[in-house]
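Subject: Structure handover

Hello,

Here is the structure I promised to pass on. Please open it first, then read my notes below.

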Amino acid sequence: MSSDVVNSPDDTHDQGLKSKKLSWGKLRRMDSLDMESGTVHGRSYHGSKDTKDWSVILHLAFQSLGIVYGDIGTSPLYVYASTFTDGVKHNDDILGVLSIIFYTLTLIPLFKYVLTVLKATDNGDGGTFALYSLICRYAKVGLIPSQQAEDREVSNFRLELPSKRLQMASKLKSKLEKSNFAKLFLLFATMLGTSMVIGDGVLTPCISVLSAVGGIKEVTDSMTQDRIVWISVGILVCLFMVQRFGTDKVGYSFAPIICVWFALISGIGVYNFIKFDPTVVKAINPKYIIDYFRRNKKEAWISLGGAVLSVTGTEALFADVGHFTVRSIQISMCAVTYPALVLAYTGQASFLRKHHQDVGDLFFKSIPHGLYWPMFVVAVSAAIIASQAMISGTFSIIQQSLSLGCFPRVKIMHTSTKYEGQVYIPEVNYLLMLACVGVTAGFKTTTKIGNAYVFVGVGIAVVFVMTLTSLFLVLVMIMIWKTHILLVISYVVVIGSIELLYLSSVLYKFDQGGYLPLAFALVLMTIMYVWNDVYRRKYYYDLDHKISPEVVKELVVSTNFSRIPGLAIFYSELVHGIPPIFKHYMENVPALHSVLVFVSIKSLPISKVPVEERFLFRRVDPNDIYVFRCVVRYGYTDVRFEEEPFERLLVERLKEFIRGEIMMTVTLTHNSGDIVSGELQDGLINGENESKESKQIDEKRCQQDVKKDIEVIDRAAQVGVVHLIGETEVMADKGSKFGKRVLINVGYNILKKNLRQAEKVFDIPHKRILKVGMIYEL
């Protein structure tokens, strides 16, 4: 049996004997991996992400208020101040800016994300990596050649495609698959979008907390900038320390506060609208946007960098959808967040029409006097919560990138037994905390300049990510959804034009703080690129030096090697074949355990793999050497090795495979006899003349074989399970260029030494680990 080729179910469909009544496909010798992967038929496994229970949906919608909308919900604290940096020059400019904000909120968060992008979730998970995984699943644009025919048999892998096939989709798919540049560009764009979201996650807490705490200066002159900064730092530290309790508990704690916040800002908005200038409702007419640009020209274009802050946190809405459901996010946005924000900005515009001089501190100046202190307390609380959206989104994004080989090993913890997708990553949490505290403390002595830097930085991060999301979405529309070309063009013209206009505006202020998110993104992208590049080089090295099944058979049956009791699990990332490190092990340790299982850990470009579809087995011939290959498949949101002790689960699945393999062999043999007998009798005899005694003998022999093999597995497991892990050293080969030597010898090895080791990720008992050393020259 070949170890290198995985046959698809139709590989031998048209070969050999053909029956008038039954196809040869029922007779062929099926590959063991095919049989295993075909045991589940079309079951959907989405957990809570696909629930139709309205009580669960409404609970999640309530939770999402405290997790997802803190960022976009607190933008009224600073949007008008950031837009009118030089003051209000014409009263109708306020109508123009209000109209810009209204249509930006309507087209970007509501239409683009809530009503369109959320349909492109990957089995309920969102974010840049989710879009990338959808594209990888439909077109072969992944850079690691670990695809198998069986992967498409996983229920979550299948895409529900429209029946109508468009020629344009096929052409685009073909071009992407043939172009190495396109593959690298998609991976680069994914890494950039991920890095920018995380960079936004560093800057958003600074801007929100500093803006809210700074409001206390309106009622007291004793509050200095130093005190505001240190109070903000203390608040941020507390926020990051409570992350360990999980999204579920944090969401229920924060959601009531955000509900009060939305009630207050919308109520105050209605109050100011009625009291000061109800005529601002005219801003619904986009004519005021045109008039605003005619009057202010370049200054109007530059001011878009402030108006775009009204949609900060929108990308977190998409990244955080994995913590909730699509329907719950849609309900909370349409029923609560969007109406509250429109009323808040409308009320502020009404107040500003009568108080031009208060534009710098518009939010707190527009609060009715008797509500100032309650509003200040709620504002500070909401600003703290605003950081939560980006923090939760960062955890989700890191989890996805880790599983796809684009981020170094970190510990991922599931924090909820009720809702899947809610995760916490300790290392990332503390690094985010240090970065946020560093940025906040860095503005200690530069009040206005410091705040301006953060505002511009957030604007650039937000628009960059929105633009990249649109790029991926257009590919999804064309290739996967098969959207009509006119609708695709309409989306590009309307949404694409708006986002490019905003992008040009925020990039104009690059020297005023735009380098902050790009600096964070550059650091993160460097880490991701170094790790992913060496990860791919190691995979190709293993693939080029893999060991054939014949060599394994020769090594196992050789008289120079002895078999010792026990079960050995040999881990590797190579899917197609047996890794070269096994030969290195045999050259140094001339002994093998009685049962040997080569385990390949594989990540699929889907969010979850059902447990019953996770294991694929294949036996290395001959049967009596008890050597198996196993591929263990995970989605990018699956928490590995936490369902139950991994070795126990593997042994149980191995025994199920043995039972199924032997029974399938007997069934195929009898079916073959039935068909051949029927053909000899010109179709009149359908296998009925086969003796019952022969079948009983075969079944008895089958039961004996199953019993024997399972006894061997049980005895080996009882003696003890040993986990063999490669302790590899990676270095650039001789003659490599300077850049390659720095990337591998310095960059990768620094990351490897300072991050979690494989046994900690696999959660393997330390006493039963055997490490095999090997040097990779890449």
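The largest nonpolar core has 157 residues. By nonpolar core I mean a set of buried Ala, Val, Leu, Ile, Met, Phe, Trp, Tyr and Cys residues joined through side-chain atoms within 4.5 Å. Buried means under 20% relative accessible area, exposed over 50%, and partly exposed in between, with a 1.4 Å probe and protein chains only. Tyr69, Tyr80, Trp261, Phe262, Leu317 and Phe363 have the most contacts inside this core. Helix α8 (residues 180-213) gives the largest share of this core, 17 residues. Another core lies apart from it, with 33 residues, including Tyr541, Val552, Val556 and Ala568.

A word on the source. This is a predicted model, in which local features need pLDDT of at least 70 and side-chain atom pairs count only at pLDDT 80 or more, while totals for chains, interfaces and linings use all residues. Residues are numbered from 1 along each chain as its sequence is written, and side-chain values use heavy atoms, with hydrogens and water left out.

Now the neighbours of Tyr69. Setting aside those within four places in sequence, Tyr69 touches Ser64, Phe262, Leu317, Ile329, Ser332, Met333 and Thr337. Contact here means heavy atoms within 4.5 Å.

The chain overall: 26 helices and eight strands. These are DSSP runs, numbered from the N terminus: helices are H or I with at least four residues, strands are E with at least two. Of the 778 residues in the chain, 57% are buried. Among contacts with a separation of 6 or more, 85% are between residues 24 or more positions apart.

Next, the sheet. Six strands form an open sheet in the order β5-β6-β4-β3-β7-β8, with mixed pairing. Two strands pair if DSSP finds at least two bridges between them. β5 and β8 (769-777) stand at the edges with a single partner strand each, so one side of each has no neighbour in the sheet. The twist averages 25 degrees from one strand to the next. β3 (residues 562-572) and β7 (residues 721-731) run parallel and are joined by four bridges. Phe570 stands opposite Leu724 in β7. Helix α22 (residues 581-588) packs on the sheet and touches β3, β4 (591-603), β7 and β8.

β5 pairs with β6 (residues 627-634) in the antiparallel sense, over six bridges. Arg619 stands opposite Phe628 in β6. The two strands form a hairpin with six residues between them, and Tyr626 in the turn has a positive phi of about 55 degrees.

Then a helix pair. α5 (residues 91-114) and α19 (residues 485-508) pack at about 120 degrees, with axes 12 Å apart. Axes are lines fitted to C-alpha atoms, for helices over the stretch in contact, and angles run from 0 to 180 degrees between N-to-C directions. Residues making the contact include Ile100 and Phe111 of α5 and Tyr491 and Tyr502 of α19.

Last, Ala441 in helix α17 (residues 426-442). Ala441 is partly exposed, at 26% relative accessible area. Ala441 and Val229 are 212 residues apart in sequence, yet 6.3 Å apart in space, C-alpha to C-alpha.

Best wishes
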